[in-house]
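Subject: The model we talked about

Hi,

Here is the model to open alongside this note. Please have a look, and then read on for what turned up in it.

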Amino acid sequence: MQIKPILSALRRHKAGTFLIAMQIALTLAIVCNALFIIQQRLAHLAEPSGLDEPNIFVIQNEWVGASTPEQLDAKMREDLGVLRALPGVQDVTLSNSYPLRGGGWDDGVKLTADQVQDTTGATIYFADERFIDTLGLKLIAGRNFRAEEITPMNVRDRLGPPVVMVTKALADKLFPAGDAVGKTIYLVGGPTTIVGVVDLLQAQSVDRWAQSFAYRSVIVPKRLAISLGVFYIVRTQPGQLDAAMRAAPKALFAHNPRRVINDEDGVLSFKEVRAKAYERDRGMAILMGLICVTLLAITAAGIVGLTSFWVGQRRKQIGVRRALGATRQDILEYFLTENLLISCGGALFGVLLAVAINLWLVTRFELHRLSLVYLLMGVVILLLLGQGAVLAPAMRASRVSPVEATRSV
Amino acid sequence: MLKMTHLSKVYRTEVVETYALRDFNINVSEGEFVAVTGPSGSGKTTFLTIAGLLETFTGGQYHLDGVEVSNLNDNERSRIRNEKIGFIFQAFNLIPDLNVFDNVEVPLRYRGMKAPERKERIMNALERVGLASRSKHYPAELSGGQQQRVAIARALAGSPRLLLADEPTGNLDTQMARGVMELLEEIHREGATIVMVTHDPELAARAQRNVHIIDGQVVDLAEDPRFHQAVHAARANSPA
Ligand SMILES: Nc1ncnc2c1ncn2[C@@H]1O[C@H](COP(=O)(O)OP(=O)(O)OP(=O)(O)O)[C@@H](O)[C@H]1O
Ligand SMILES: [Mg+2]
């Protein structure tokens, strides 16, 4: 290879070489970090909720007019019956919230009564005995609630259920030995006993504030008897979701019209819930992707431009090289090698820059440390981009005729 | 060494066809020193570019070292240029981005020669042209005569059997031209075949044989009155 003479020739074209190398460095630094952020967002997107998502939809129901808690509880139980009777419906439950909803109830969990600091935070899901079957959760230890354990709960009641179920993530956190069933834990309202452990149930929010307890959930045997914002969660037989979603609000209104189910988002399939929950993550990933593509395109254009300029400028010396015995292949390789050298220089600096940017992001936005894979990926992408961009002008250079050497200047 | 028979070269543009060479016949033997003269536009450079495999021709035959060159592909032509032919151009044609050493090295690298051999050949060639001490200089830092000597060193380093020179002294003053000519004669004495295009009748006279080209054809000097006119005109123009 003719690395040495190419390097010495480049030394005579410092400005162009430096500009392109810097452009490559900057692009590399940003692309590495952007790819990393994209990957993190996509990984976040891929976190499971634990639900049988394709067959689940939720209805947000609000009551109109004043009712006592007892009346509310009765009306909700009637609604559950109405929904359960719909064709294609497999199961129905009601809760104060559901995974990915964006908000709900979370609370501190302690292991002893006099503990000052919470052991962990946890999502509190209010549930009846149909909850785990409706959501499609897997009970991995202990038992489900019994129907008679479910009690109505008013806003002013204290949260003090005698029994609860917890997720495996929470059980592992509280009782690493794996013997959570039968143990007592302390919620804000007092002690309670764990009777069952479910495999997986995600928190009510995927935003940062809920990250610390993302899969640590407590399921309490309560029916929330308030007039605002109770959710009916419906699981349908496979393929029946759309039909059931259309039929459900009609049936509810037919049974009791004194209610509000928002036209827009009163009935949501879980697919819609998921899309909404991750709107920002997806937006961020797309934005980062666009930034990458734009930067790469600009850099490629820069390389094409500079190389084309150089090829034009060096027509004569290309002709001379051909006259002195260079084959077309030699000329092509010359420009490819030249680009590779510039790119390697740029990439080296770009890697340092990428790490610097990442460290800044880590301290500023609590991002994770950039892994080596992304640096490598960035380097490979930019080297390939460079070689690709230089190919067309280099081909043009290789077609310069040796007779060009004899043409007067 | 070099034999062209009924060779023709046509340059076609959209409007005209120019016969740069027509029914062109020449035979240069191994070890000859031939000077090519002729009026401007007569086809001298065209002849050299075809002889040096820089360009293809339209009709006829050209045997170089016994090989019919129209059958060669681009890579084979490159290899022959690299190994058998040395070029010296009127405009020197050094690569401005490379220093003297690297310039002389260019054809040797294309030959795939190992570094120690390259170095030895380069230093030998530069010593012969008297520029060994300038090997780190860039072309722009040298005089015209020095640049042409570097170009000769570059042609020499590969030990070509055929040296093609297109007005090698055209851009040089008499003093420098003489130096270059002496160098060529020395190279010739060592066995190289040289074909040199020149406008300078004095230099032409120092060659073993003169070939005169008019309108793309080799003409017999003694018979053609145009030659005498051309020589006359050239004498009148020449500063010497
Ligand atoms: N690339 C080309 N395209 C068209 N015509 C050309 C081309 N190169 C040369 N010619 C024509 O061919 C003829 C011979 O040109 P050539 O350069 O060989 O002349 P020359 O004898 O070297 O002249 P000079 O003494 O001025 O260098 C000229 O008429 C010229 O115009
Ligand atoms: Mg000419």
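To start with a term: on a 1 Å grid over the protein atoms alone, a cavity is a set of points where a 1.4 Å probe fits but cannot get out, whereas a pocket is an open set with protein on both sides within 12 Å along at least five of seven lines; lining residues have an atom within 4 Å of a point. Points are joined across faces, edges and corners, and a volume is the space filled by probe spheres set on them.

By that rule, the largest cavity has a volume of about 80 Å³, and the structure holds 5 cavities of 30 Å³ or more. The lining of the largest cavity includes A:Leu324 together with B:Arg81, B:Phe87 and B:Arg154. Helices (H or I, at least four residues) and strands (E, at least two) are DSSP runs, numbered from the N terminus. β6(B) gives the most to this lining, with 3 residues, while α2, β6 (85-88) and α5 (144-157) of chain B each supply at least two.

A word on the background: this is a predicted model, in which local features need pLDDT of at least 70 and side-chain atom pairs count only at pLDDT 80 or more, while totals for chains, interfaces and linings use all residues. Residues are numbered from 1 along each chain as its sequence is written, chains are lettered from A and ligands numbered from 1 in the order in which they are written, and side-chain values use heavy atoms, with hydrogens and water left out.

Now the interface. Contact (heavy atoms within 4.5 Å) takes in 27 residues of chain A and 24 residues of chain B. The buried area between them is about 2400 Å², with 55% from carbon and sulfur atoms; this is the accessible area (1.4 Å probe) that the two parts lose on being put together, summed over both. B:Asp97, B:Arg109 and B:Tyr110 supply 28% of what chain B buries against chain A, more than any other three residues.

The rule finds 3 salt bridges across this interface, each a side-chain nitrogen of Lys or Arg within 4 Å of a carboxyl oxygen of Asp or Glu. A:Arg322 and B:Asp74 meet in a salt bridge at 2.8 Å, N to O. On the side of chain B that touches chain A, α1 (44-51), α2 (74-84) and α3 (100-110) of chain B each supply at least two residues, and the largest share, 6 residues, comes from α3(B).

Best wishes
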